[in-house]
Amino acid sequence: MKRILILLLISISLCFPLMAGTYSEAHGQYLMGYVNSSTQFDVELFEDVLPFNLEETLVKQNNDLSVVLGLRVGVYTLVVNTNNYSLTVTHDKLVKDGTVSQGPTNSVDYRFDLFYTDLLEVERFKTCFYDDSIVLTQDDGISMTNKSFYVSINATDAEIDLLEGGNYSSTISFNFEVGV
Amino acid sequence: MKKLVIILFIILLFSLSFLSATLVEKTLTAIKYGSTSGTEFPDPNTSIRILNSSSVQLSLTGDGLEIPIYARENSYKSFTWSFSGNKYNDSLIAFRAYPMQTETLGGTIVYLPYTIKFQCENTKVGNTITSYKGSSYVGTTEFEAGGTVYEFQYADRIKINNVEKSSFASSYETVSFLIGDTTTKETSFNYNMNEGSTVSGGTGPYTAGVCNQWNRNGYAMVSVDVSEENIDDFTSGRYSAQIVVEIEGT
């Protein structure tokens with residue numbers, strides 16, 4: 001009888017930590033699966049920060065290619081489950097509206113930085129200027145959700161001073177290909 | 001040789017069907033404030049951009065905006081505005097809404113009741129974006145001119161139809177056109193950073209009238225106020241209403 005009581009006490013005391021635990025509120029999680037190949041690609045430009053001031057401190061020239069500074073102007077989402085894809089990002093210069101012939105007084109280059117998550121879930125970025133491009137492939141990563149891109153002016157203060165007053169615009173192209 | 005050609009052709013078809021490409025183009029916009037005064041200060045300036053529900057910029061000379069069928073008795077985000085500039089005080093944006101009427105030439109004009117709500121969404125001054133949900137909007141921003149840094153301690157204020165709003169939570173205005181209402185209705189938003197602001201830096205009183213870049217953003221919600229029961233009371237066809245946007249402050 002004594003043995004039974006001891007065993008009972010031990011088993012009750014073992015149960016206490018479990019009983020003391022309280023369950024948290026249930027949180028729903030979505031589990032997504034795909035049948036066959038599937039891709040998602042979206043780009044959002046933050047219109048509420050545009051147009052930005054070319055002389056703003058935030059967008060000043062940053063020559064350090066290891067650090068991203070500048071204005072966050074948008075996000076993109078890219079999800080693929082196929083082996084082969086490429087995302088190529090290019091942009092032209094910021095050109096004063098109505099310009100026929102581009103020059104240092106009516107056009108200016110800018111630096112474009114694109115963040116992405118690599119296959120090891122490490123945050124990285126790639127940079128390009130107007131005569132260059134950024135290319136992401138399956139070797140860089142396959143799942144980027146709301147990844148940011150930034151711009152900063154690629155010109156000195158003196159070069160910006162030379163620019164004529166007015167509205168400037170530039171096209172940023174995102175070319176996403178699957179099965180390349 | 002013929003076989004080879006056929007096989008190649010099949011491979012080509014397959015690869016073509018497998019390859020898909022998506023090109024997305026976005027327009028980045030910027031502004032350089034010019035100076036005609038001969039001083040280090042740029043000229044006061046304001047500008048406006050109107051974008052449709054897909055964030056495509058509309059021309060300022062009259063692009064059409066379609067209202068989908070589900071806007072009937074339901075709010076639909078028809079367009080957004082981005083009002084920007086560097087004016088320190090009194091920058092006004094006004095919307096004039098006209099009745100929505102049949103486009104058919106000749107015959108009796110039929111007017112469709114509708115509601116349009118102009119909602120101020122947020123303001124960006126310098127690097128700070130503030131949503132119009134709080135009770136007040138105060139902040140600081142720096143502005144550099146001629147090598148001098150001016151620091152603005154500002155209290156942004158907004159007047160709707162010349163009535164000052166004490167709370168940004170009510171930074172919107174709704175206009176409704178009832179059945180038979182043919183009047184034109186105007187709503188204006190006047191932003192002013194000047195009152196309650198102080199400027200430090202430089203010497204003497206600050207009179208340049210310009211500050212750091214700001215962006216005032218908002219959107220318009222439209223609903224067509226016709227119920228399912230009353231839909232047959234209106235002539236079938238296309239209806240349109242003109243919305244005129246004006247800005248002041250340049």
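Two strands count as paired if DSSP finds at least two bridges between them, and helices (H or I, at least four residues) and strands (E, at least two) are DSSP runs numbered from the N terminus. With that in hand, welcome to this predicted model, in which local features need pLDDT of at least 70, side-chain atom pairs count only at pLDDT 80 or more, and totals for chains, interfaces and linings use all residues. Residues are numbered from 1 along each chain as its sequence is written, while chains are lettered from A and ligands numbered from 1 in the order in which they are written.

**A sheet in chain A**

- Five strands of chain A form an open sheet with antiparallel pairing, in the order E1-E3-E10-E7-E8.
- The edges are E1 and strand E8 (123-128) of chain A; each has a single partner strand, so one side of each has no neighbour in the sheet.
- Neighbouring strands of this sheet are turned by 20 degrees against each other on average, direction ignored; the axes here are lines fitted to C-alpha atoms (for helices over the stretch in contact), and angles run from 0 to 180 degrees between N-to-C directions.
- Inside chain A, E3(A) and strand E10 (residues 143-153) run antiparallel and are joined by seven bridges.
- Leu71(A) has Val151(A) in E10(A) as its bridge partner.

**Where the chains meet**

- Chain A brings 36 residues to the contact and chain B brings 30 residues, where two residues are in contact if their C-beta atoms, placed from the backbone, lie within 7 Å.
- On the side of chain A that touches chain B, at least two residues each come from strand E1 (39-45), strand E2 (52-53), strand E3 (71-80) and strand E11 (166-178) of chain A.
- E11(A) gives the most to that side, with 13 residues.
- By class, the side of chain A that touches chain B has 19 nonpolar, 11 polar and six charged residues; Ala, Val, Leu, Ile, Met, Phe, Trp, Tyr, Cys and Pro count as nonpolar, Asp, Glu, Lys and Arg as charged, and the others, Gly among them, as polar.
- E2(A) pairs in the parallel sense with strand E1 (residues 20-32) of chain B, over two bridges.
- Phe52(A) has Ala30(B) in E1(B) as its bridge partner.

**Chain B**

- Chain B has one helix and 18 strands.
- Strand E4 (residues 91-97) of chain B has a covered face of Ser91(B), Ile93(B), Phe95(B) and Ala97(B), and an uncovered one of Leu92(B), Ala94(B) and Arg96(B).
- E4(B) pairs in the antiparallel sense with strand E14 (residues 185-192) of chain B over seven bridges, and Ala94(B) has Ser188(B) as its bridge partner there.
- E4(B) also pairs in the antiparallel sense with strand E18 (residues 243-248) of chain B, over six bridges; here Ala97(B) is partnered by Ile243(B).
- Three strands of chain B form an open sheet in the order E6-E5-E17, with antiparallel pairing.

**Confidence in chain A**

- Chain A averages a pLDDT of 87, and 81% of the residues score at least 70; pLDDT is the predictor's confidence in each residue, from 0 to 100.
- Within chain A, confidence is lowest in helix H1 (residues 2-20), at a mean of 57, and highest in strand E6 (residues 107-108), at 98.

Terms used: A residue is buried if 20 or more other C-beta atoms lie within 10 Å of its own, exposed if 12 or fewer, and partly exposed in between; C-beta atoms are placed from the backbone.
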